[in-house]
Amino acid sequence: QVQLVESGGGSVQAGGSLRLSCAASGSIFKIDSMGWYRQVPGKQREVVAITTGGSTNYADSVKGRFTISRDNTKNTVFLQMNSLKPEDTAVYYCNSILASRAGSGWFEYWGHGTQVTVSS
C-alpha cells in the first residue's frame, strides 16, 4: 500500500510564505513524477507544479512565486510558496505516479490534502 502524507499548510497573510511537504511511503519501486494540485470549492482541481525526471512545470499563475523540489532519497516533494496571494487559497493535494514493484505498471496516488489560507 502506498501513502502520500502532506504537511505544512496553514494560514498566512498576503505576501507571506509557506512550505508544503509530501512524503510517499509504503511499497515503492520507482517514482515517475511528484507534484502538487489545488482545489477550491466548486472548481476543478488544477495543477500547481509537477516534477518528473529532471524537469519541472508550473501553472502560469504561480510561476516566479512557487518552487517545487524533490528529495529522491526520501521520496519527498516540497512546494515553497512565496509572495502568496488570497487567490492561492485552496486545499493543496500531493500527487505521484509511481510503480509499487517491478513490472506492476504505473499508478496514480493522491494525498488527503492540506488547507492553505491566504488573507488580504
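The chain has 11 strands and zero helices, where strands (E, at least two residues) and helices (H or I, at least four) are DSSP runs numbered from the N terminus. The radius of gyration is 14 Å, close to the 14 Å that the globule rule gives for 120 residues, so the chain is as compact as a globular protein of that length. This radius is taken over C-alpha atoms, and the rule is 2.2 Å times the number of residues to the power 0.38. The model is predicted: local features need pLDDT of at least 70 and side-chain atom pairs count only at pLDDT 80 or more, while totals for chains, interfaces and linings use all residues. Residues are numbered from 1 along each chain as its sequence is written, and side-chain values use heavy atoms, with hydrogens and water left out.

The C-alpha trace spans about 50 × 25 × 20 Å along its principal axes. Of the 120 residues, 38% are buried, that is, under 20% relative accessible area, with exposed meaning over 50% and partly exposed in between (1.4 Å probe, protein chains only). Among contacts (heavy atoms within 4.5 Å) with a separation of 6 or more, 57% join residues 24 or more positions apart.

The largest nonpolar core holds 26 residues, of which Trp36, Val48, Phe66, Leu79, Met81 and Tyr92 touch the most other members. At least two residues of this core come from each of β1 (2–7), β3 (18–26), β4 (30–39), β5 (46–52), β7 (66–71), β8 (76–81), β9 (90–99) and β11 (114–119). A nonpolar core is a set of buried Ala, Val, Leu, Ile, Met, Phe, Trp, Tyr and Cys residues joined through side-chain atoms within 4.5 Å. Beyond its neighbours within four places in sequence, Leu79 is in contact with residues including Trp36, Val48, Phe66 and Tyr92.

Ala99 lies in strand β9 and is buried, at 6% relative accessible area. Neighbours within four places aside, Ala99 is in contact with Ile28, Phe29, Lys30, Ser104, Gly105 and Trp106.

Most residues other than glycine have a negative phi. Asn75, which is not a glycine, has a positive phi of about 50°. Asn75 is in the loop between β7 and β8 and is partly exposed, at 24% relative accessibility. Ser83 also has a positive phi, near 50°. Ser83 is placed in the loop between β8 and β9 and is partly exposed, with a relative accessible area of 41%.
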